[in-house]
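Welcome! Take a moment to look over the sequence and the 3D view, and then let us walk through them together.

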Amino acid sequence: MDWDATSAFTPVGLTLRGQPAHRIVRTLGDAAYMLLKDWPSDDGEEYVTAVKACVDAISGQIDPEQFRAAFLRAADEAGITALTVVQQPALVRRPVASPRA
């Protein structure tokens with residue numbers, strides 16, 4: 001099995017109680033550490049789903065962004081405020097032609 005805990009996904013900012021109060025999770029490794037060491041509760045249904053999804057993403061069975069969705073649901077279940085970035089396609093600006101006299 002070829003494990004990859006360095007795979008990145010759209011970052012998630014978390015606000016936690018305690019120290020440090022703010023965390024940014026950018027990779028599967030960050031998320032795995034967070035879920036196993038710093039998560040406030042380990043008995044929720046969404047938490048268990050997120051842990052399983054993290055293992056699946058690290059082993060390449062699912063896309064890291066699919067894991068991210070499970071991670072966000074687990075954060076909501078645990079009462080953790082999660083700040084997410086919504087990526088939108090870049091706008092293409094075209095020069096405005098000047099009127100010819």
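A residue counts as buried when its relative accessible area is under 20%. W39 has a relative accessible area of 10%, so W39 is buried. The model you are looking at is predicted.

Now for the overall layout. The protein chain holds three helices and three strands, and from the N terminus on they follow the order β-β-α-α-α-β. Of the 101 residues in the protein chain, 31% are buried.

How do the strands pair? Strand 1 (residues 8-15) runs antiparallel to strand 2 (residues 22-27), with five bridges between them; here T15 stands opposite H22. Strand 1 also pairs with strand 3 (residues 81-84), again in the antiparallel sense, over four bridges, and V12 stands opposite T84 there.

Next come the aromatic rings. A pair of them is described by the distance of the centres and the angle of the planes. There are four aromatic pairs, including these two:

| Pair | Centre distance | Plane angle | Kind |
|---|---|---|---|
| F9 and F67 | 5.8 Å | 70° | edge-to-face |
| W39 and F71 | 5.4 Å | 55° | tilted |

F9 in strand 1 and F67 in helix 3 (residues 64-78) are 58 residues apart, so their pair links distant parts of the chain. Both F9 and F67 are buried.

Which residues do ring pairs link into a cluster? They are F9, W39, Y47, F67 and F71.

Conventions: Residues numbered from 1 in each chain as written. Predicted model: local features only at pLDDT ≥ 70, side-chain atom pairs only at ≥ 80, totals over all residues. Heavy atoms only, no water. Helix = DSSP H or I, 4+ residues; strand = E, 2+ residues; numbered from the N terminus. Buried < 20%, exposed > 50% of the residue type's maximum accessible area, 1.4 Å probe, protein only. Pairing = 2+ DSSP bridges. Phe/Tyr/Trp six-rings, centres within 6.5 Å; stacked < 30°, edge-to-face > 60°.
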